[in-house]
Structure formats: structure tokens, C-alpha cells
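Here is a short report on one protein model. It covers the sheet, a helix packed on it, the confidence and a pocket.

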Amino acid sequence: ERLAKEGIVIVMAEIRAQDGQLAEKPIIVARGSSLVDANEITDSLSAELEKALVLNKERVTNWVHLRRIVSETAQKHLFKKFRTRPLVMPVVIEV
């Protein structure tokens, strides 16, 4: 039901294992929602993810926790900026 109303946003983030920071700007794929400007979403969400990850500047041992941080940050940002609650699927790639 949520997917039908709000759509889905997939956040693909490459994160360095040695310090837990973004290796590159995350790739955002939005489908089935009113969020059409992917570039605006990517830029603003990338900045928010960097802010959230800067608090954990240490070697990554718990990837599930990191994936949860990415998901929660994306959900909060999308609701705050666009007033929508799409299903957020984080894809965290270790580099």
C-alpha cells in the first residue's frame, strides 16, 4: 500500500570500509512517486548522508547499522524536504 501511494527510492552508496565515509556521491533511483528531479534529490541527500556519516569516522564493523543510518537519514530528509514517505531501500557497497 505504501509503495503504491508514495513510490520507492533506492539509495546506492559506496562507503569506504576503513573510515565509514562516502567514496562517491550516492546514486538515487526514484520510481512511482512525484519526485521527478533526481539531481536535486541526489545533491541534497548526498550532503545529508555526509553529515550523518561524519559522526562515525572509524573502521566499519557493523554494516547492518550503517545501512540503517543511510535508510533513516534518507527517510527523514525526504519527508522534511518533500513531505513524502516513499519506501527507502539502501544498497551499501563496501569499497
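## Terms and basis

Two strands pair if DSSP finds at least two bridges between them. Helices (H or I, at least four residues) and strands (E, at least two) are DSSP runs, numbered from the N terminus.

The model is predicted: local features need pLDDT of at least 70, side-chain atom pairs count only at pLDDT 80 or more, and totals for chains, interfaces and linings use all residues. Residues are numbered from 1 along each chain as its sequence is written, and side-chain values use heavy atoms, with hydrogens and water left out.

## Sheet

Strand 1 (residues 8-15) pairs with strand 2 (residues 27-31) in the antiparallel sense, over 5 bridges. Within this pairing, Ile10 stands opposite Val29 of strand 2. Strand 1 also pairs with strand 3 (residues 87-94), here in the parallel sense and over 8 bridges. Ala13 has Val92 of strand 3 as its bridge partner.

The 3 strands form an open, mixed sheet in the order 2-1-3. Strands 2 and 3 stand at the edges with a single partner strand each, so one side of each has no neighbour in the sheet. The twist averages 15° from one strand to the next. Angles run from 0 to 180 degrees between N-to-C directions, and axes are lines fitted to C-alpha atoms, for helices over the stretch in contact (heavy atoms within 4.5 Å).

## Helix on the sheet

Helix 3 (residues 63-82) lies across strand 1 and strand 3. Helix 3 runs at about 140° to strand 3.

## Confidence

pLDDT is the predictor's confidence in each residue, from 0 to 100. The protein has a mean of 88, and 95% of its residues reach 70 or more. Among its elements, strand 3 has the highest mean (94) and helix 1 (residues 2-6) the lowest (81).

## Pocket

A pocket is an open set of points on a 1 Å grid over the protein atoms alone, where a 1.4 Å probe fits, with protein on both sides within 12 Å along at least five of seven lines; lining residues have an atom within 4 Å of a point. Grid points are joined across faces, edges and corners, and a volume is the space filled by probe spheres set on the points.

The largest pocket has a volume of about 160 Å³. Its lining includes Asp19, Asn56, Arg59 and His65.
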